[in-house]
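Subject: Structure handover

Hello,

The structure you asked about is below. My notes on what was found in it follow.

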Amino acid sequence: MLHTTIAAIRPLDEPAMVAAGELHGRLTKPAGSLGVLEELSVRLAGLARSCPPPLPEPAAVAIFAGDHGVHAQGVTPWPQEVTAQMIGNFLAGGAVVNAFARQAGASVTVVDVGVATPLPPAVPAQADGLPGDPAGRSTRTPRLVAANVRPGTRDLAVTAALTRDEALAAVETGIRIARELIDAGAGILLTGDMGIGNTTPAAALVAAFTGVDPAEATGRGTGVDDPTYARKIGVVRAALARHAPDPADPLGVLAAVGGLEHAALAGLILGAADRRVPVLLDVVIAVSAALAAVAFAPDAVGALVAGHRSAEPGATAGLRHLGLDPLIDLGLRLGEGTGALLALPVVTGAVRVLHEVATFDSAGVAEK
């Protein structure tokens, strides 16, 4: 599945991009007055091979959840059980991602790709629309997909986090989820993640794929204190020295220092790029996964939209390597898909301009 998906990914369509640029020049606004939104809409036209591109709706958030053996190194004060507990919160509709998804009318799919502790008893998922909601927002409920490859990774500070087969299984899980969501009608996919300790493998992936120093790739995650932060950098540095991952072998990098949710997110990106559907990236977990996806298939970068600038420094380093500029910068570092959801209206607005704004000729407005 991975190899056929990679083989199907193609560059952005130049004629569609030229047509979108020319259309912008005829719309009732000064040329270039919408700044990066114009560039974004042109790129999305190239991705869709049509001008204007389809509106990026409905939106689907895919939250991949996994645990990490490196938790044993004391890189976070949060207990590992929180990963499973937060899945229960997602399914009950009580997390920040649920609130933002209700606002955006987006669906939420939670994928257990590698949670180590038992999930809480099934809870009735709240409707995504509030009772009596006059706005008539979506009433879709979060759903859980059981796709556990293994109960958490091994400790990357001691040994490879995953075998190549396990990493491949996680990547292909992500591809399948992308196909399922797109086949169900999704016009844009938003990345989400949940995994206590997952910013440590994310930092290792960013450093491995970009070549930046581990100190530049590693952030404070959930807000760790100075001693924990120093230990975290040391763990990342030692893991990279131990495994010497080769960025030309993205599956090997994911296996050596990645996480199951990172690998699955890389697959989600590849699956969407194959179908020419945009992916709106969230925090550093998604950025590290995007680096892996683009290492597998360089043209996959055409499907990527950087939702926001995460407070994690590795996200900035990764986006710079990918040549992507974030749409918003609010100092967010929660994950779950929250920043991507807040950026979603910006993406939709960029495309809606090409659909709905009148040209100078049609509106009878004089050009300069």
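Helices (H or I, at least four residues) and strands (E, at least two) are DSSP runs, numbered from the N terminus. This is a predicted model, in which local features need pLDDT of at least 70 and side-chain atom pairs count only at pLDDT 80 or more, while totals for chains, interfaces and linings use all residues. Residues are numbered from 1 along each chain as its sequence is written, and side-chain values use heavy atoms, with hydrogens and water left out.

Annotated residue

Glu-336 lies in the loop between helix H13 (313-322) and helix H14 (338-356). An unreviewed UniProt entry annotates Glu-336 as "active site"; UniProt positions are given in the numbering used here, feature names are shortened, and annotations may be inferred rather than shown by experiment. Glu-336 is buried, at 5% relative accessible area. Buried means under 20% relative accessible area, exposed over 50%, and partly exposed in between (1.4 Å probe, protein chains only). Leaving aside residues up to four places away in sequence, the contacts of Glu-336 include Val-61, Ile-63, Gly-192, Asp-193 and Asp-282. Contact means heavy atoms within 4.5 Å.

Strand E1

Eight of the eight residues of strand E1 (residues 59-66) are buried, so the strand is largely enclosed by the rest of the structure. One side carries Ala-59, Val-61, Ile-63 and Ala-65, and the other Ala-60, Ala-62, Phe-64 and Gly-66. E1 pairs with E4 in the parallel sense over seven bridges (two strands pair if DSSP finds at least two bridges between them). In that pairing, Ile-63 stands opposite Gly-192. E1 also runs parallel to strand E2 (residues 107-114), joined by seven bridges, with Gly-114 as the bridge partner of Gly-66.

Helix H10

Helix H10 (residues 250-257) has eight of its eight residues buried, so this helix too is largely enclosed by the rest of the structure. Its cover includes helix H6 (164-183), H7, helix H9 (226-243), helix H11 (260-275) and H12.

Largest pocket

A pocket is an open set of points on a 1 Å grid over the protein atoms alone, where a 1.4 Å probe fits, with protein on both sides within 12 Å along at least five of seven lines; lining residues have an atom within 4 Å of a point. The largest pocket is lined by 27 residues, and Met-194, Ile-196, Thr-222, Arg-333 and Leu-334 lie nearest its centre. Helix H4 (82-92), strand E4 (188-194), helix H7 (199-210) and helix H12 (284-296) each supply at least two lining residues.

Regards
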